[in-house]
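Hi,

Here is the structure I said I would pass on. Have a look at it first, and then read on for what turned up when I went through it.

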Amino acid sequence: MTSPITVHTFNTPNGVKITIALEELHLPYTIKIVNITKDEQFHPDFLKISPNNKIPAIQDPDGLNGQNTSVFESGAILLYLAEKTGKLLPQNPAQKLKTSEWLFWQVASLGPMLGQAHHFNIYAPEKVPYAVSRYSQEAGRLYNVLNTRLAESEYLGGDDYSIADIAAWPWTRYPDRQGVDAGKLKHFQRWFNAVAERPAVKLGQQKLADAMPQE
Ligand SMILES: N[C@@H](CCC(=O)N[C@@H](CS)C(=O)NCC(=O)O)C(=O)O
């Protein structure tokens with residue numbers, strides 16, 4: 001029995017990627033909530049493992065060379081877990097490269113831009129029409145990129161479900177809050193529903209929601 005991985009996280013699209021991946025991989029884990037609404041991400045102990053003061057981060061007692069290993073940045077964590085288990089990332093170099101492309105596309109483009117769209121559509125204390133329009137438009141463009149990719153491929157990396165899908169999916173749960181009407185993007189909808197139905201995806205979301213502090 002391997003020792004549980006500690007997941008430092010919060011219930012956000014980036015945070016839930018990791019509990020979903022751990023459920024998919026059947027790795028034992030414990031959730032440690034870092035309450036980013038209460039600035040816990042700036043605690044010196046957390047900064048030692050996540051110097052950019054962002055969730056998620058993990059600590060694996062059975063890490064590299066059997067040593068305690070910490071990892072920050074959700075893309076790096078997903079790659080680490082996939083390589084640790086030899087799952088959710090193709091071994092074939094061409095397929096692995098495709099999966100990496102879509103993984104990096106998510107962390108560099110989809111996440112940051114949908115995050116801004118969500119912020120300016122929902123949370124900004126004042127309405128800033130220029131920002132709402134700029135980020136909603138960019139979010140719409142990215143959903144179209146996703147839909148086009150999924151018209152030619154079952155999953156983002158290719159024929160098989162992978163860490164690229166786990167990275168992207170949580171960001172696409174609420175397109176209307178990002179100023180996007182995704183109803184007609186039928187390839188995106190097919191993929192979204194297929195991923196949503198996976199038991200590990202349901203469990204990874206549920207366990208994180210259950211671990212959140214009661215307000
Ligand atoms: N590129 C990072 C982004 C992580 C991120 O933006 N985390 C947010 C929550 S979704 C956070 O911790 N925000 C707290 C802060 O910015 O102080 C990743 O993919 O892990």
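Start with the largest pocket: 34 residues line it, and those nearest its centre are Thr12, Pro13, Asn14, Ile36 and Trp171. Do keep in mind that this is a predicted model. The space in the largest pocket comes to about 1,100 Å³. Sorted by class, the lining has 16 polar residues, 13 nonpolar and five charged.

As for where the lining comes from, three helices each give at least two residues to it: H1 (13-25), H4 (93-123) and H8 (199-211). H4 has the largest share, with nine residues.

Now the ligand. The largest pocket is where the ligand sits. Around the ligand you'll find Thr12, Asn14, Ile36, Gln41, Phe42, Asn53, Lys54, Ile55, Pro56, Glu73 and Ser74. Three of these names, Thr12, Asn14 and Ile36, also turn up in the list of residues nearest the centre of the largest pocket. By class, this shell is made up of five polar, four nonpolar and two charged residues.

- Lysine 54: an N or O atom of its side chain is 2.5 Å from an oxygen atom of the ligand.
- Serine 74: a polar atom of its side chain lies 2.6 Å from an oxygen atom of the ligand.
- Isoleucine 55: here a backbone N or O atom is involved, 2.8 Å from an oxygen atom of the ligand.

On its own the ligand has 510 Å² of accessible area, and the protein covers 78% of that.

Glutamate 73 belongs to the loop that runs between strand S4 (69-72) and helix H3 (74-85). Serine 74, with its side-chain atom 2.6 Å from a ligand oxygen, falls within the range of H3 (74-85).

That's what I have for now.

Cheers

How values were computed:
Residues numbered from 1 in each chain as written. Predicted model: local features only at pLDDT ≥ 70, side-chain atom pairs only at ≥ 80, totals over all residues. Heavy atoms only, no water. Near = heavy atom within 4 Å. Polar contact = N/O pair within 3.5 Å; in protein donor to acceptor, adjacent residues only side chain to side chain. Areas by Shrake-Rupley, 256 points an atom, 1.4 Å probe, with all protein chains shown as cover. 1 Å grid on protein atoms, 1.4 Å probe; cavity = no way out; pocket = protein on both sides within 12 Å on 5 of 7 lines; lining within 4 Å. Sits in = over half its atoms within 2 Å of the grid points. Nonpolar A, V, L, I, M, F, W, Y, C, P; charged D, E, K, R; others polar. Points joined across faces, edges and corners; volume = space filled by probe spheres on them. Helix = DSSP H or I, 4+ residues; strand = E, 2+ residues; numbered from the N terminus.
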